[in-house]
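Visitor: I've got the structure open and a few things to ask. Can we start with the pocket?

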Amino acid sequence: MNRIFEIIAPCHFGLEAVLKKEIYDLGYEITNVEDGRVSFEGDVEAVCRANIFLRTAERILIKAGEFPAGTFEELFEGIKAIPWENYIPQDGKFWVTKASSIKSKLFSPSDIQSIAKKAMVERLKQSYHQEWFPETGAPYPLRLFLLKDRVTVALDTTGESLHKRGYRTMTGKAPITETLAAALILLTPWRKERILLDPFCGSGTFPIEAAMMAANLAPGMNRSFTAEAWTNFIDRKLWYEAVEEARDMVDLDVKVDIQGYDIDAQVIKVARENAKRAGVEDLIHFQQRPVEATSHPKKYGFLITNPPYGERIADKEELPQLYGEIGQAMNRLDSWSAYLITGYEDAERYIGRKADKNRKIYNGMLKTYFYQFLGPKPPKRNLKE
């Protein structure tokens, strides 16, 4: 039986539209879009493909149930009513790995987790006619979301967050996550035929994610997922088929101009190692270079970067000069478009130019802005040339 699930894909707040397009492009129908979450319909094959192909989702969840609960008794009964025997085998290891509550009467994560576990045990006792569960088998972690007294219960198929592509074992001082970097690139009109330069590349996340897009490297093809062990309802061959589909799409011969600069020689070394692990070291030129030396001989490129903004790596006093140097680099690259994610409120003032577009984005718990300075469009090529 090919069951259809409602699949929930959490993402960064403010970037739901990017993930929504990704899901459509994979061939699935969107059922709901909320703050930081996009839901779609799919079967077990969709679970595998979403984990392997989606660049901007944080994880892939199978929705097991949804119900109102303003008391712990209602929470218990609601969770007990879910047919857990359809998901969890007799030896399965199950627990609530995370419970979050917003504007709900029930707000204690530990109590919510404890009661949910008890309710699941009661359901499985009735289904399997046994009093005790060894929990020696595959892991089945759950996530509970409470919003305005409405509970959503979901199985986490991913395990470690999808931003853990597997290539970044070492990072710079203030790294941007792989999923956020991918989403920000996808927010721009950059395509693999155009130049991309990051003058504060750190551990190389922007250039590496761009190179992976250009080479059609699926972000999840070289890592494992919790649900690979769920052989009771996801056939292992579906994972192999999804990885094979991903491998067939890879094009490492693609011609690109992707560059990453940083003032720190050690960080550049880390970036090169990360690019090598991602399989894109031949597609990126990394170089130790300060921002004031940022230049490129060609026109119509894209500067996409995550510069320091005083939270963790630069003293606030240094930022005016630094952002002034960013502005000067942008002036030299006057036909380019520039995209900066930063929490520095005075970024536009010292860059010396107001952004054409500005988008508020949360980078973890930090409120940041994605400033978009749009350059002229390149002239259309004459097809007869």
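Guide: This is a predicted model. E6 supplies the largest share of the lining of the largest pocket, with four residues.

Visitor: Which strands each supply at least two residues of that lining?

Guide: E6 (139-147) is one of them, and so are E1 (5-10), E2 (30-34), E3 (37-42), E4 (61-68), E5 (93-102), E7 (150-156) and E13 (357-363).

Visitor: What volume does the largest pocket have?

Guide: About 1,200 Å³. Its lining has 35 residues, and Cys11, Phe13, Asp35, Gly36 and Phe145 are the closest to the centre.

Visitor: How many of the lining residues are nonpolar, polar or charged?

Guide: Eleven are nonpolar, eleven are polar and 13 are charged.

Visitor: Switching to the backbone. What is phi of lysine 103 near?

Guide: Near 55°, which is a positive value in a residue other than glycine. Lysine 103 sits in the loop between E5 and helix H4 (109-128).

Visitor: Is lysine 103 buried or exposed?

Guide: Lysine 103 is exposed, because its relative accessible area is 67% and the cut-off for exposed is over 50%.

Visitor: And glutamate 135, where is that?

Guide: Glutamate 135 is in the loop between H4 and E6. Phi of glutamate 135 is also a positive value, near 55°, and glutamate 135 is a residue other than glycine.

Visitor: Why does glutamate 135 count as partly exposed?

Guide: Its relative accessibility is 24%. Buried would need under 20% and exposed over 50%, so glutamate 135 falls in between.

Terms used: Residues are numbered from 1 along each chain as its sequence is written. This is a predicted model: local features need pLDDT of at least 70, side-chain atom pairs count only at pLDDT 80 or more; totals for chains, interfaces and linings use all residues. Side-chain values use heavy atoms; hydrogens and water are left out. On a 1 Å grid over the protein atoms alone, a cavity is a set of points where a 1.4 Å probe fits but cannot get out, and a pocket is an open set with protein on both sides within 12 Å along at least five of seven lines; lining residues have an atom within 4 Å of a point. Grid points are joined across faces, edges and corners, and a volume is the space filled by probe spheres set on the points. Ala, Val, Leu, Ile, Met, Phe, Trp, Tyr, Cys and Pro count as nonpolar, Asp, Glu, Lys and Arg as charged, and the others, Gly among them, as polar. Buried means under 20% relative accessible area, exposed over 50%, partly exposed in between (1.4 Å probe, protein chains only).
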